[in-house]
Amino acid sequence: MDKAGQEYWDKTWKGNDIPMGINSRDRGLGNYVNWRFREYFCRSLMTLDPISVTSAFPVTVSLEIVNYCNAACIFCPLFGGNDRIDRKLRPTMMMDQDLFTKLIEDIATWDVKPTVFLNMDGEPLLDKHFKERLTILQKADLSQNVNLQTNGEYLTAETSAAILMAGLSSITIGFDGASKEVYESHRVGCHYDIVLGNILEFVRIRASLRKSTALAIKFVRTKQNAHEVADAYRLFASILNPWIDIFYDTISENWGSPALENVVLAGIQRDMLPKYCGYPDNNLVILADGSVSPCCFDYNLSIAGGPIGNVRRQKILDVWRGTPFEKLRRNLRQPGRDGKPARCLACGLSFSRPRHFYTGGPAIEGRFAQSQENGFKYYFTKHLKMRMLIQLALGARSWGGSWALRHGASLARSVLKRRFAPDRKSPT
């Protein structure tokens with residue numbers, strides 16, 4: 001770790017002699033353990049002390065390469081809600097290539113590499129420089145740390161091949177319906193047949209190239225499509241690879257209306273006290289113009305009364321460890337509502353909720369479900385130990401682990417390759 005980082009870490013931990021965890025160069029097992037290691041101790045300390053721990057390096061960095069979209073989803077703050085994006089404050093734009101290159105070169109020097117998301121409030125595949133950005137990420141040895149979130153409309157065969165050859169960690173595709181009618185009324189502007197065809201082609205190309213980029217389906221559940229969650233799961237269970245792919249059931253109503261989200265997600269009462277939000281301790285959002293936002297839900301930069309910094313003029317870690325960010329974190333650590341930004345007090349994620357907080361609980365019966373902050377995560381197999389073995393094998397492929405681990409992972413991959421066919425066809 002660099003000297004400034006060590007000083008920052010020592011100051012933040014306030015004398016607690018706990019190491020950062022296992023250093024790693026990529027998305028493999030080491031990075032996963034490092035992330036979970038820090039999360040475990042952060043959460044452990046939070047149970048004993050209201051003061052949380054800020055990572056010396058962000059765990060995730062979201063780069064908004066474009067802030068506009070081809071779709072007009074009914075739940076999206078780009079197009080609706082009482083907190084929708086103000087285009088006077090955030091005009092439509094694409095992150096310029098010089099800034100993107102500067103950011104990636106900066107991140108590449110960090111001792112602990114973050115997970116990089118190539119999107120925030122927009123559709124990344126509308127970026128005319130997208131393939132050039134993949135090349136920049138590859139040259140910086142960061143492409144295996146990248147997660148891409150897209151609606152899939154422009155996921156052509158050529159783009160799929162570029163993503164797979166670049167070795168991205170995962171791609172998440174929003175698909176909010178099992179039927180054409182429900183899907184297209186929910187993801188307005190996207191076309192059911194085109195996106196489903198693109199997903200099938202991605203799976204086919206992945207199998208032919210023998211790549212391990214994971215594919216996640218993100219189903220945003222609202223009142224309009226809740227009845228099709230289980231059917232959508234079954235549709236993709238017949239298409240995707242059960243050993244590396246996943247299905248997210250993300251419960252929402254309108255991301256641009258936080259007050260409404262409180263009712264739908266958590267049933268929050270006015271007299272409830274907020275819990276501590278650790279998002280600013282681990283996550284960094286960089287908008288297309290270089291402005292830094294303290295939260296992915298801070299669409300109009302209201303939490304801190306404007307951007308918390310700008311990476312055009314500053315290094316990322318100077319913003320991350322700077323006074324404005326630390327001041328915001330201290331305010332969020334205080335118990336009760338006093339000093340909390342209004343946007344935070346209107347956020348459902350700032351309040352505790354039951355494990356199954358949505359009426360009816362998990363929508364898919366008989367499958368393993370992991371509760372998350374705003375929904376559920378489903379696997380396409382019940383053989384969880386086998387799935388974990390595969391994840392270990394894929395992670396160790398590029399992780400600088402022991403000889404036995406790497407060769408054991410190689411053996412596991414060869415056995416699994418013979419036993420399970422990675423490519424499946426859609427049911428007719």
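Which strand holds glutamine 149? Glutamine 149 is found in strand E3. Helices (H or I, at least four residues) and strands (E, at least two) are DSSP runs, numbered from the N terminus.

This is a predicted model, in which local features need pLDDT of at least 70 and side-chain atom pairs count only at pLDDT 80 or more, while totals for chains, interfaces and linings use all residues. Residues are numbered from 1 along each chain as its sequence is written, and side-chain values use heavy atoms, with hydrogens and water left out.

**Around glutamine 149**

Glutamine 149 has a relative accessible area of 26%, so it is partly exposed. Buried means under 20% relative accessible area, exposed over 50%, and partly exposed in between (1.4 Å probe, protein chains only). Contact means heavy atoms within 4.5 Å. Beyond neighbours within four places in sequence, glutamine 149 touches Phe117, Asn119, Pro124, Thr172 and Lys218.

**The chain as a whole**

The protein chain has 15 helices and ten strands. Of its 428 residues, 54% count as buried. Among contacts with a separation of 6 or more, 72% join residues 24 or more positions apart.

Helix H4 spans residues 130-139, and its buried residues are Phe130, Arg133, Leu134, Ile136 and Leu137. These cover an arc of only 160° around the axis, which puts them on the same side of H4. The arc is that of the directions from the helix axis to the C-beta atoms. An α-helix has 3.6 residues a turn, so residues three or four places apart point the same way. The cover over the buried residues of H4 includes helix H3 (97-107), strand E3 (146-150) and helix H5 (157-166). Just after H4, aspartate 141 takes a positive phi of about 60°.

How do H4 and H5 run, and why? Their axes come within 10 Å and cross at roughly 10°. H4 and H5 are therefore roughly parallel to each other. Axes are lines fitted to C-alpha atoms, for helices over the stretch in contact, and angles run from 0 to 180 degrees between N-to-C directions. Angles under 35 degrees count as roughly parallel, over 145 as roughly antiparallel, 65 to 115 as roughly perpendicular and the rest as oblique. On the H4 side, the contact uses Phe130, Lys131, Leu134 and Gln138. H5 contributes residues including Glu158, Ala162 and Ala166.

In helix H8 (residues 229-237), the buried residues include Tyr233 and Phe236. The buried residues of H8 pack against H7, strand E5 (214-221), strand E6 (246-251) and strand E10 (375-379).

**Aromatic rings**

The whole structure holds 13 aromatic pairs. Rings of Phe, Tyr and Trp (its six-membered ring) pair if their centres lie within 6.5 Å; planes under 30 degrees apart count as stacked, over 60 as edge-to-face and the rest as tilted.

| Pair | Centre to centre | Plane angle | Class |
|---|---|---|---|
| Phenylalanine 175 and tyrosine 192 | 5.5 Å | 55° | tilted |
| Tryptophan 320 and phenylalanine 325 | 5.5 Å | 75° | edge-to-face |

Phenylalanine 175 is in the loop between strand E4 (170-174) and helix H6 (180-186), and tyrosine 192 is in helix H7 (residues 192-209). Phenylalanine 175 is buried at 0% relative accessibility, and tyrosine 192 is buried at 11%. Tryptophan 320 and phenylalanine 325 are buried as well.

Phe219, Tyr233, Phe247, Tyr378 and Phe380 form one aromatic cluster.

A charge sits over a ring if NZ of Lys or CZ of Arg is within 6 Å of the ring centre and within 35 degrees of the ring normal. Arginine 329 places its charged end over the ring of tryptophan 320, 4.5 Å from the centre. Arginine 133 lies over the face of phenylalanine 100, 4.9 Å from the ring centre.
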